[in-house]
Amino acid sequence: MTKPGKEVLFLALGGSGEIGMNLNLYGCEGKWLMVDLGVSFGNADYPGIDIIMPDTAFIEERKDALVGILLTHGHEDHIGAVAYLAADLGVPLYANSFTAALVARKLAEEELAETVKVHVVDMDAQFTLGPFGIKLVQLAHSIPDMCAALIETPYGRVFHTGDWKLDDDSKLGQPDAEVRVRALCAGGVDAIVCDSTNVFNASASGSEGSVRDGLMQVVGEARGRVLVTTFASNAARLETLGDVARATGRQLCVAGRSFDRIIEVARANGYLRNLPEIIDWDAAMRLPRNKLMIVATGGQGEPRAALARIAEGNHPLALEAGDRVIYSSKQIPGNEIAIGRIMNLLAERGIETITEKQAHIHVSGHPGKPELAALYRWTGAKTLIPVHGEMRHMMEQARFAKSVGVAEALVQKNGQVVRLLPGPARILETVVSGRLVLDGDMIVAADGAAMTERRRLSQSGHVAVAVAGRSARVVQRGLPVDPDDMDRFGQEAETAAANAAANSKDGEEKRREAIRLAVRRVATQWTGKKPLVDVLLLDS
Ligand SMILES: [Zn+2]
Ligand SMILES: [Zn+2]
């Protein structure tokens, strides 16, 4: 049974070997500290699932030893699972005011505001949880108020970066990261646990301030309505878009509930003070076409988001031929097909689309190689543990770190317990990790019986057979049978089922199996498919 002794252990239960659902644990002197508790979003592998989260069984079994959950920033892959899993862990959360406000809304939606305690801490807070001394430092990212953490223990110091970039013109963040990080890490840290997302980028991520010129140009030359889509959580981008709207003589309106939420939280934290007045949709539609800028969610192709509905002509905000849609965001890998579907809908209607490939209208929130090298230097880290990446990203960061002078790098993945300090870092053992899914209202194993069955249903179709005496009835779902042939197919399947029932005299189980095989044979002959077949014997 894994129990941290006089050492520092590191264990990721999510986010190492994948991009999404971050959950990191630090162990020391019998205690555990959790950093982040995020989700991933559903994909074609999980039919009917929107939300995937890390399996927390390991830490739930040790929750008496858990001292708290530190949240680095408000992105869903870092806080999204709080509303589903934190109540069972029974410890308080620690987050800065902006992040805490986003978390509080989620807890309120799940009626957990009273159950889960959230401690609001300053962005440069210093506090102690069990054997862990924690010192926060704000770094730039694509959401306000991302805080990295220096974790101090009797066995050494670890710098946990969270998601970050370097940007001295980040709009809503503090400048001089170098000064602040160097001061915090004076004397050098023993290990850095670092974001791998953009390690393949040879150049730095670029400054938020630099996006303004590109947006000025593509908005300025537009003649009709302009719609800009970006992540709602990117409040700095919203601020930039407000500037651009004002400078190009356009009024601003927003579409997408997540924008309302972020604007409210950002304003409550002192941001977006200069945002122009946001007009309502009716007023927007009455403006001359070249006097409007719409900012909308849906840039990742999300089918229910504002942009999708506008593209389908299914929203109070309307676009037409000659209007322009600007994607001020990155295409997240995996979303290309969904994004393309919407771009094609727009193209068909004569609406022009501009992406980051055509103009400088987006910068990433994650560090490229020059930024990684700078942070290794500033922290003086002796050992790197890459996180927040697929295996290829983490391996590349390990190679890169060694090439620029970091003494040691260890690549781990979810479930591997690393003895980090005292070094050298090494993997001790592998513990239970995995994925849970939110399926309706239930949180269940991602590869449990229900999901396995649904995958089969979605691929193979289903036939139900009811048999009573000498007669059988068959219903099918999802088989590629021509509607005109459906009656004939049904009769043939029913005859096969009735014959199998009549000829089988070996007891109920064998009879059921004979019927199942007979019906499946008919379905395979007709369609080439092997559907799931369920047999109900009504007379036994
Ligand atoms: Zn993030
Ligand atoms: Zn992230």
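How many residues lie between β21 and β22 in the hairpin that they form? The points below take up this question and then the rest of the predicted model.

1. The hairpin of β21 and β22. There are 4 residues between the two strands of this hairpin. Strand β21 covers residues 416-421 and strand β22 covers residues 426-430; their pairing is antiparallel and comprises 4 bridges. Within it, V418 of the one strand is placed opposite I427 in β22.

2. The hairpin of β9 and β10. Antiparallel pairing over 4 bridges also links strand β9 (residues 126-129) with strand β10 (residues 132-139). Here T128 faces G133 in β10. The hairpin has 2 residues between its strands, and G130 adopts a positive phi near 55 degrees.

3. Overall description. The chain has 540 residues, of which 49% are buried. Its secondary structure consists of 16 helices and 27 strands. The C-alpha trace extends over about 85 × 70 × 45 Å along the principal axes. Of the contacts with a separation of 6 or more, 72% are between residues 24 or more positions apart.

4. Domains. Three domains are assigned: domain 1 (8-203 + 364-445), domain 2 (208-354) and domain 3 (461-537). The centres of domain 1 and domain 2, taken over C-alpha atoms, are 31 Å apart. In the contact between them, 17 residues of domain 1 meet 17 residues of domain 2. On the side of domain 1 that touches domain 2, the residues comprise 6 nonpolar, 7 polar and 4 charged.

5. The parallel sheet. An open sheet is built from 5 strands in the order β15-β16-β14-β17-β18, with parallel pairing. Its edges are β15 (251-255) and β18 (352-354), each of which pairs on one side only. On average, neighbouring strands of this sheet are turned by 20 degrees against each other, direction ignored. Within the sheet, strand β14 (residues 226-229) and strand β17 (residues 324-327) run parallel and are joined by 4 bridges. One of the bridge pairs puts V226 with R324 in β17.

6. V325 in the sheet. Residue V325 belongs to strand β17. Is V325 buried or exposed? It counts as buried because 26 C-beta neighbours lie inside 10 Å, and the cut-off for this class is 20 or more. Residues up to four places away in sequence aside, V325 touches L227, T229, L346, I351 and T353. V228 is 97 residues from V325 along the chain, yet the C-alpha atoms of the two are separated by 5.8 Å.

7. Helix α12. Which residues of helix α12 (residues 369-379) are buried? They are E371, L372, L375, Y376, W378 and T379. These residues lie on the same side of α12 because they cover an arc of only 170 degrees around the axis. The packing partners of the buried residues of α12 are β12 (156-160), α5 (177-184), β13 (191-195) and α13 (391-403). After α12 comes G380, with a positive phi near 65 degrees.

8. Helix α5. The buried residues A177, V181 and L184 belong to α5. Seen down the axis, the buried residues of α5 fall within an arc of 65 degrees and therefore line one face of the helix. An α-helix has 3.6 residues a turn, so residues three or four places apart point the same way. V179 and A183 are exposed, on the other side of α5. The buried residues of α5 pack against β10, β11 (146-153) and α12.

9. A514 in helix α16. A514 is located in helix α16 (residues 508-527). How many C-beta neighbours does A514 have inside 10 Å? The number is 19, which is why A514 counts as partly exposed; a residue is buried only if 20 or more other C-beta atoms lie within 10 Å of its own. Neighbours within four places in sequence aside, A514 is in contact with A500 and S504. From C-alpha to C-alpha, A514 and N499 are 9.6 Å apart in space, and they are 15 residues apart in sequence.

Methods
Residues are numbered from 1 along each chain as its sequence is written. Chains are lettered from A and ligands numbered from 1 in the order in which they are written. This is a predicted model: local features need pLDDT of at least 70, side-chain atom pairs count only at pLDDT 80 or more; totals for chains, interfaces and linings use all residues. Two strands pair if DSSP finds at least two bridges between them. Axes are lines fitted to C-alpha atoms, for helices over the stretch in contact, and angles run from 0 to 180 degrees between N-to-C directions. A residue is buried if 20 or more other C-beta atoms lie within 10 Å of its own, exposed if 12 or fewer, and partly exposed in between; C-beta atoms are placed from the backbone. Two residues are in contact if their C-beta atoms, placed from the backbone, lie within 7 Å. Domain bounds come from an automatic or database domain assignment. Ala, Val, Leu, Ile, Met, Phe, Trp, Tyr, Cys and Pro count as nonpolar, Asp, Glu, Lys and Arg as charged, and the others, Gly among them, as polar. The arc is that of the directions from the helix axis to the C-beta atoms.
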